[in-house]
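Here are my notes on the model you sent over. Have a look at the structure first, then go through the points in order.

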Amino acid sequence: MVRVRFAPSPTGNLHIGGSRTALFNWLYSEAKSGKFILRIEDTDKLRSEKKYLDEILDSLKWLGLKWDEIYFQSERFDIYRQYSDKLLKEGKAYTQKPESGTGEAVIFKVEPQKIKINDMIRGEIEFDSSLIKDQVLIKSDGAPTYNFACVVDDALMNITHVIRGDDHISNTPKQIMLYQALGFALPGFAHLPLILAKQGGRLSKRKGATAISEYRQMGYVSAALVNYLLLLGWSPGGNREVIDINEAIKLFDIKNINKTAAVLDLDKLDWMNNQYIKNEDPEKLALQAIPLLAEKGYINPQDFDRNYLISLLRLFQSRLTTVHDFIERADAFFVKDVIMDPQIQEKFLARDLSREFSLFARRLEKLENFDIANIETAFRELIQELGVESKSLIHPIRVALTGKTVGPGLFEVIYYLGKERTKERLGKFIKKEQA
RNA sequence: GACCCUGUCGUCUAGCCUGGUCCAGGACAAGAGCUUUUCAAGCUCUCGACACGGGUUCAAAUCCCGUCAGGGUCACCA
C-alpha cells in the first residue's frame with residue numbers, strides 16, 4: 001500500500017509551493033489508492049504557532065486535499081530519543097556539549113561512502129558523504145533536528161514514497177545514511193521542481209509567496225487554483241489545460257513530472273479562474289460571494305433575495321476573473337445610489353440628455369411585460385423615433401444606471417435593476433422642466 | 001567557494017527515454033480581426049523557442065562531451 005506524506009511546519013502560512021507539494025502527494029496517493037498522511041513538523045517550539053497550523057489545515061481542506069492520518073512531531077520526542085539512544089549505544093553517534101548554554105546534543109557520525117539516490121523524477125543522483133559533516137540528531141535543548149525526526153517518522157509511519165521539493169535533494173544523502181544506520185528500509189524518493197518567482201529566484205515573502213488563504217480571499221476558485229498548480233510541472237498531455245481533478249487522478253503518473261523549475265504566472269491563473277467561474281454553478285459562486293457582499297454591506301446574509309443574486313451572478317459570470325470582481329462590478333445592483341466617477345460622468349453625461357432619458361423612461365413605464373426583449377424593443381423604437389445611433393444612447397444610459405462604462409448588455413442591466421430603480425436613476429439626469 | 005539539479009516561444013508546456021512523421025504543436029500574455037451595445041466570453045489570424053560550441057549519425061530538439069546560464073543546498077531552521 002502506497003503511503004505518502006505532506007510535512008508542513010507551522011511556522012508560516014501554506015504557500016503556493018507547499019500546496020503544490022501537498023497536491024502531488026495527494027494525487028499520487030489517489031492514483032495508487034494509497035494513504036495521504038499529514039505530519040506537522042512543529043519541533044521548533046518558538047516559531048510554531050497555532051494560527052499557522054489552523055491556516056494550513058483550512059487551506060488544505062479548501063483545496064480538497066483530505067488527509068487520512070495526522071501526526072504532530074512535538075508529541076513524539078520520546079520516540080526520537082529512543083532512536084538516538086540506539087545509535088549512541090551502537091557507537092554510531094556521540095554526544096557533545098554546546099559551546100554556550102546547557103544540555104547535550106547527540107551527533108551522528110558520518111562515514112565516508114558513495115550514496116546513490118534513485119529519484120523517481122530525476123533518475124540516479126550520486127553524492128560523496130565525505131563532503132558531509134557529522135549531523136546533529138538531537139539538539140542540546142532535547143528537540144530532534146529536521147533530518148532525524150523526518151527519517152524516524154517516515155520509517156515508523158511506513159511512508160513508501162517521499163515526494164517533496166527539489167530543495168530537499170541535498171538532505172536526501174544525509175537521510176539515507178540515517179536509514180542505513182537505523183536499519184530502516186528506504187522509501188522511494190521523488191523531488192519536485194521548485195516554483196520560481198517571476199523576478200527570478202525562489203518564492204519568498206517579497207516575491208510572490210502568497211498564502212493560499214489569500215488567494216481564497218481574493219476570490220479564486222479552489223478548483224482553478226488546483227488546476228493551475230497541476231499544470232506547473234505536470235501535463236496531462238493531448239494539449240489539455242482545463243482538467244477535472246478526477247480525470248487528473250486517472251492520468252497522473254509521477255514519471256511525467258517535469259525536471260525543470262517553473263515560474264509562477266498569475267496571468268494564467270487569472271485565465272484559469274475565469275475558465276472555472278464561467279462554467280461554475282452560480283449557486284456555488286453565491287456561496288463565495290455572500291460573505292463578500294455582506295462585508296460590503298450590500299446584503300444582509302440572513303435576509304436577501306437569493307434568486308436575484310444567482311441571476312446576477314449568471315449575468316456576470318463570463319466576465320469575472322475572480323468572485324471579488326463581481327462585488328466591484330455589480331455594486332450598482334446592491335446600493336441605493338450609484339457611485340459616479342466625475343470624469344466618467346463628464347465624458348458620457350455632459351450633454352443634456354433630458355429629452356432622450358425622459359422619453360425612454362416613459363416607454364419603460366408603459367411596458368406591461370417588463371422583460372429583456374420588451375425593454376430592447378422599447379429602446380429600438382425610441383432610437384427610430386429620435387433618428388440617432390443606438391450607441392449614442394446606450395453608453396450614457398449604462399453610465400447613468402451603473403456608473404460604469406463596461407458591463408453586461410444594457411437591456412439585461414435594466415431588467416435586473418427593475419423599472420423603479422431605472423426610472424429613478426435616469427431621473428437624476430433629467431432636468432425638471434422636461435420631467 | 002564546494003556539491004547537486006536544470007536548460008524548448010516573455011511565461012506554462014508537448015515532443016526527448018524508443019533519433020527521421022518537428023523549417024517544433026498547444027495554452028497564457030501581446031497584437032490584429034470577426035461580433036457589435038461597451039467589457040468579457042467565443043471564433044479567426046499574427047508575433048514568438050530547441051542556451052552556445054563540438055562530436056556520433058545518411059539524419060539530432062531528441063544520443064555523447066564541453067562551455068555558459070539559471071536554480072538549490074551547505075544551521076543545535078524546517
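1. Chain A is built from 18 helices and 12 strands. Bear in mind throughout that this is a predicted model.

2. On overall shape, the C-alpha atoms of chain A take up a box of roughly 100 × 50 × 35 Å along the principal axes. The radius of gyration is 30 Å, whereas a compact globule of 435 residues would come in near 22 Å.

3. How much of chain A is buried? Buried residues account for 32% of the 435. As for contacts with a separation of 6 or more, 75% of them in chain A link residues 24 or more positions apart.

4. Now the inside. In soluble globular proteins, nonpolar side chains tend to be buried together. Here the largest nonpolar core has 81 residues, and L23, L225 and Y228 touch the most other members. Leaving out residues up to four places away in sequence, Y228 touches K268, L269 and M272. There is also a second, separate core of 17 residues, with V106, I107, F108 and F148 among them.

5. Elements supplying at least two residues each include β7 (123-128), β12 (262-263), α9 (266-279), α16 (390-402) and α17 (410-417).

Conventions
Residues are numbered from 1 along each chain as its sequence is written. Chains are lettered from A and ligands numbered from 1 in the order in which they are written. This is a predicted model: local features need pLDDT of at least 70, side-chain atom pairs count only at pLDDT 80 or more; totals for chains, interfaces and linings use all residues. Helices (H or I, at least four residues) and strands (E, at least two) are DSSP runs, numbered from the N terminus. The radius of gyration is taken over C-alpha atoms; the globule rule is 2.2 Å times the number of residues to the power 0.38. A residue is buried if 20 or more other C-beta atoms lie within 10 Å of its own, exposed if 12 or fewer, and partly exposed in between; C-beta atoms are placed from the backbone. Two residues are in contact if their C-beta atoms, placed from the backbone, lie within 7 Å. A nonpolar core is a set of buried Ala, Val, Leu, Ile, Met, Phe, Trp, Tyr and Cys residues joined through C-beta atoms within 7 Å.
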